[in-house]
Every structure is written in C-alpha cells, then in structure tokens.
Amino acid sequence: MVGERMFAAAIHAGSEAAHEDWRSDYGSLTYVTTEIPEPVAAGVRRLMERLQLRYGAADFIVGPDGRWTFLEVNPCGQWNWIQGATGLPIAEAIADDLQGVT
C-alpha cells in the first residue's frame with residue numbers, strides 16, 4: 001500500500017521446494033497481479049491508519065479455499081522486484097505520495 005493506493009500481486013510456486021518456502025526456488029515462481037477482496041482491503045486500510053504508515057508491504061497467504069490470512073506488514077518492504085515482474089506502478093505511486101499527489 002502506498003498512500004491510499006493498493007497494489008497486489010500473487011506469487012505462485014511451481015515446485016515442491018517453493019511451496020515450502022517460495023524463496024528457495026526463484027526459478028519456479030510466477031507472478032500475476034490480483035484483486036484484493038474488499039474486506040481484506042478495508043482491514044489493511046485500518047491497520048495502516050492505526051500504525052500511521054504511508055507505505056507498507058503486506059504479506060498474506062491465500063489458501064485453496066480463497067481465504068486470505070494476514071502475515072505481516074513491513075514498513076520498509078522491498079517492492080522493486082515485484083514491480084519489475086508485474087508492471088505495477090509502485091515507484092510512481094511512491095513519487096506521487098511524496099509530492100502530495102493523490
């Protein structure tokens with residue numbers, strides 16, 4: 001999340017090792033942009049407001065049943081790699097937020 005803008009990408013593991021820990025087999029991963037269910041988005045907005053964060057990289061696991069489970073929000077989370085893999089305009093959103101553009 002950057003300011004009021006949310007960007008979401010799903011990381012799909014393509015090997016047993018990556019299913020256990022996605023960082024163990026980068027070559028088997030695929031990335032796609034995805035939609036955030038409104039109840040999840042509302043929860044992230046409330047959390048960001050409560051923590052007084054303008055930026056945060058939130059991590060979730062989405063189960064086979066489609067249920068989103070929150071893991072963490074990182075106020076210094078890396079984002080450039082997911083922008084490169086998906087084309088999400090995260091850098092532009094950060095620049096806009098720093099300049100007060102909504």
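Predicted model: local features only at pLDDT ≥ 70, side-chain atom pairs only at ≥ 80, totals over all residues.
Residues are numbered from 1 along each chain as its sequence is written, and side-chain values use heavy atoms, with hydrogens and water left out.

- Helices (H or I, at least four residues) and strands (E, at least two) are DSSP runs, numbered from the N terminus.
- V40, A41, V44 and M48 are the buried residues of α2; buried means under 20% relative accessible area, exposed over 50%, and partly exposed in between (1.4 Å probe, protein chains only).
- Looking down the axis of α2, you will find its buried residues within an arc of 100°, so they line one face of the helix; the arc is that of the directions from the helix axis to the C-beta atoms.
- As background, an α-helix has 3.6 residues a turn, so residues three or four places apart point the same way.
- On the face of α2 turned away from the buried side sit the exposed residues P39, R46, E49 and R50.
- The buried residues of α2 pack against β3 (57-62) and β4 (68-74).

- Q52 follows α2 and lies in the loop between α2 and β3.
- Q52 has a positive phi of about 55° although it is not a glycine.
- For comparison, most residues other than glycine have a negative phi.
- Q52 is exposed, with a relative accessible area of 71%.

**The β3–β4 hairpin**

- β3 and β4 pair in the antiparallel sense over six bridges; two strands pair if DSSP finds at least two bridges between them.
- Five residues separate β3 and β4 in this hairpin, and G66 in the turn has a positive phi of about 85°.
- Two places to look at are A57, whose bridge partner in β4 is N74, and D59, which stands opposite E72 in β4.
- F60 is found in strand β3 and counts as partly exposed, at 25% relative accessibility.
- Leaving aside neighbours within four places in sequence, F60 is in contact with V40, V44, W68, T69, F70 and L71; contact means heavy atoms within 4.5 Å.
- F60 and V40 are 20 residues apart along the chain, and their C-alpha atoms are separated by 10.0 Å.

**Nonpolar cores**

- The largest nonpolar core has eight residues in all: V2, F7, Y55, A57, I82, L88, I90 and A93.
- A nonpolar core is a set of buried Ala, Val, Leu, Ile, Met, Phe, Trp, Tyr and Cys residues joined through side-chain atoms within 4.5 Å.
- Y55, from the largest core, is in contact with M1, V2, M48, N74, P75, C76, G77, Q78 and W79, leaving aside neighbours within four places in sequence.

**M6, before β1**

- M6 is in the segment before β1 (9-12) and is partly exposed, with a relative accessible area of 24%.
- Setting aside neighbours within four places in sequence, the contacts of M6 are M1, I36, A41, V44 and R45.
- M6 and A93 are 87 residues apart in sequence and 9.5 Å apart in space, C-alpha to C-alpha.

- S28 is found in the loop between α1 (16-20) and β2 (30-33) and is buried, with a relative accessible area of 16%.
- The side chains of S28 and S15 make a polar contact (3.4 Å).
- A polar contact is a pair of N or O atoms within 3.5 Å; within protein, one must be able to donate a hydrogen and the other to accept it, and residues adjacent in sequence count only if both atoms are side-chain atoms.
- Q83, in helix α3 (residues 80-86), counts as buried at 16% relative accessibility.
- A polar atom of the Q83 side chain lies 2.8 Å from the backbone nitrogen of I90.
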